[in-house]
Amino acid sequence: MEKGKVIIVEDEEHILSMLSEFLTANGYTVDPFIDSKKALAALKNNGYHVLITDLMMPKVDGLQLINFIQKEYLDTLGIVMTGYGSMESAISAMRCGAFDYILKPFKFEEVLATVDSAMYYFKLLKSDNIPKGLTLKANLLRRYAENKIIRENTILRSALKDKYKFENIIGVSFAMQKVFEMIERVADTNATVLVTGESGVGKELVARAIHYNSSKRDNPLVVVNCGAIPESLLESELFGYEKGAFTGAVSTRLGRFELATGGSIFLDEIGDMSFNLQVKLLRVLQEKAFERIGGSKTIKVDVRIIAATNRKLEDLVSENKFREDLYYRLNVVPIHIPPLRDRRQDIPILINFFLEQSNRINSASIEGFSEEAMKALMEYDFPGNVRELQNIVERMVVLKRDGHIDIEDLPEKLYSIEKEDAVLQQETSIDIDKGYDTLVSEFEKTLIIKALSETQGVKSKAAQVLNINRTTLIEKMKRLGLD
Ligand SMILES: Nc1ncnc2c1ncn2[C@@H]1O[C@H](COP(=O)(O)OP(=O)(O)OP(=O)(O)O)[C@@H](O)[C@H]1O
Ligand SMILES: [Mg+2]
């Protein structure tokens, strides 16, 4: 017996076909669509009971399909699918009238259960023993949606809180202590924060810690990666648009600033934002207001802004690629996270942290690292910073599973450096053709680099090690091009 009519809209072909097959095997009649624009046309005339749609799609997105159902007073109940990271967009879909959401990656059984419960509600709404009318549908669905959001969010929020609890940012170095102190000081203010540092140093982690340690923690934290979204889309992502603002704008859409109301917005890779959008962002920072694309109504925003970049904004300013006024507005509270090689004291404790984590996740039981392996890790430069260290540890745990990690187990790049060093040290024969002055400069340079690396780059300490004045050291560094 046919259980109901389902339309599935998903731009990933294999998910679409597997899900369609699964629901068909379980008694539903399924119309799969890879093209959301075509789905929109089909939705109107085919009397579907249930719509299952992906949220992020080119052309027409899932939210627009949900809005279309409302606008056309269709009976169809909408279910949206979205990644764990875009929970907030699932919630806004629920607010726009979606019946339910499913977080990716999902189990097919989970989808089936959700479709079954949508069918149950659908029949309930159509049955004769309750009064008909749209208000009833709206009320019933709202109640279902609210319950779901409240239930899931308590679970989700406590999971998130745990994940971004301050204690989960590991660091014993002086540099990280300063970062912690800054987070603590600014978290519960409204100040705009600019987090800087190389790739993989933990900028996003810090941004999240700021949000989850502020009084806005129960409101959304909306993340926007300004570098990953094409310029043409970024504007509508940030500010939203009014129905009819451009071809394809079939209904009004809220931007991320509005979705973040009462909470925080994290503008990642802000250095990649186009000049044109920088002007608009500046206005949000100055006036706390903006208009949706194609709209004339000024919308006030109550949102905390946290921005991050791995580029040197000062340099971009002097190259005229980043507006100076915006830079000053963003840089109210700067938090700089130094690269891992400049705070090597953090390496052992991070290793332990990631080791415990990876053991737990992979049900493995690596006890630790041999002295030699630890030494190689301590001396490695980590161009990919903490993320690279985390990956190395995870890979070792997965590959070895128990016992100790020895130096041979480490990725080759780690111990080949050791070998290079050894070769370098043997090459002490003097190339007299270079001339006396060059040789002395080279020797001086080596000494200074060694002293600086032993003192984590703190010049006053390096000067002490070398038994010279700090100013002398700085002069020498300038002369030798060591800045
Ligand atoms: N101090 C830390 N303690 C524990 N984990 C950390 C720490 N710093 C970074 N990590 C972990 O390293 C990874 C990279 O961190 P994150 O994504 O915050 O870096 P990022 O600076 O935003 O990098 P990118 O510039 O590439 O976006 C994450 O998995 C994060 O959990
Ligand atoms: Mg990041």
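Started with helices α7 and α8: Val179, Ile183, Val186 and Ala187 of α7 touch Val206, Ala209 and Ile210 of α8. I sorted that contact by residue class and got 7 nonpolar, no polar and no charged. Then I looked up the geometry of the pair. α7 spans residues 174-187 and α8 spans residues 203-212; the axes are 9 Å apart and the packing angle is about 35°. I also noted the hand of the crossing, and α7 passes α8 in a right-handed way.

A reminder to myself before going on: this is a predicted model.

**Where α8 sits**

**Sheet with β7 to β14**

This sheet has 5 strands in the order β7-β10-β13-β6-β14, and the pairing is parallel. Which strands are at the edges? They are β7 (221-225) and β14 (333-336), each of which pairs on one side only. From one strand to the next, the twist averages 20°.

I zoomed in on the β7 end. β7 pairs with β10 (residues 264-268) in the parallel sense, over 5 bridges.

**Sheet with β1 to β5**

The other sheet I looked up is also open, with 5 strands ordered β2-β1-β3-β4-β5 and parallel pairing. β2 (28-33) and β5 (100-104) are the edge strands here; each has a single partner strand, so one side of each lacks a neighbour in the sheet. I got an average twist of 20° from one strand to the next.

A helix packs on this sheet: α2 (residues 36-45) touches β1, β2 and β3, and its direction makes about 155° with that of β1.

Then I went through the pairings around β3. β1 (residues 4-9) pairs with β3 (residues 50-54) in the parallel sense over 4 bridges. β3 is joined to β4 by 5 bridges, and these two strands also run parallel. Thr53 is the bridge partner of Val9, and in β4 the bridge partner of Thr53 is Val80.

Is β4 enclosed or open to the outside? I checked residues 77-83: 6 of the 7 are buried, so β4 is largely enclosed by the rest of the structure.

I have the crossing down as left-handed.

The α9 residues in the contact are Glu231, Leu234, Glu235 and Phe239, and they meet Asn276, Leu277, Lys280, Leu281 and Val284 of α11. By class that comes to 5 nonpolar, 1 polar and 3 charged residues. For the record beside it, the α7 and α8 contact had no charged residues.

**Whole chain**

Last, I took the totals. I found 20 helices and 16 strands in the chain. Of the 483 residues, 46% are buried.

Terms used. Residues are numbered from 1 along each chain as its sequence is written. Chains are lettered from A and ligands numbered from 1 in the order in which they are written. This is a predicted model: local features need pLDDT of at least 70, side-chain atom pairs count only at pLDDT 80 or more; totals for chains, interfaces and linings use all residues. Side-chain values use heavy atoms; hydrogens and water are left out. Two strands pair if DSSP finds at least two bridges between them. Axes are lines fitted to C-alpha atoms, for helices over the stretch in contact, and angles run from 0 to 180 degrees between N-to-C directions. Contact means heavy atoms within 4.5 Å. A crossing is left-handed if the near helix is turned anticlockwise from the far one by less than a right angle, and right-handed if clockwise. Ala, Val, Leu, Ile, Met, Phe, Trp, Tyr, Cys and Pro count as nonpolar, Asp, Glu, Lys and Arg as charged, and the others, Gly among them, as polar. Buried means under 20% relative accessible area, exposed over 50%, partly exposed in between (1.4 Å probe, protein chains only).
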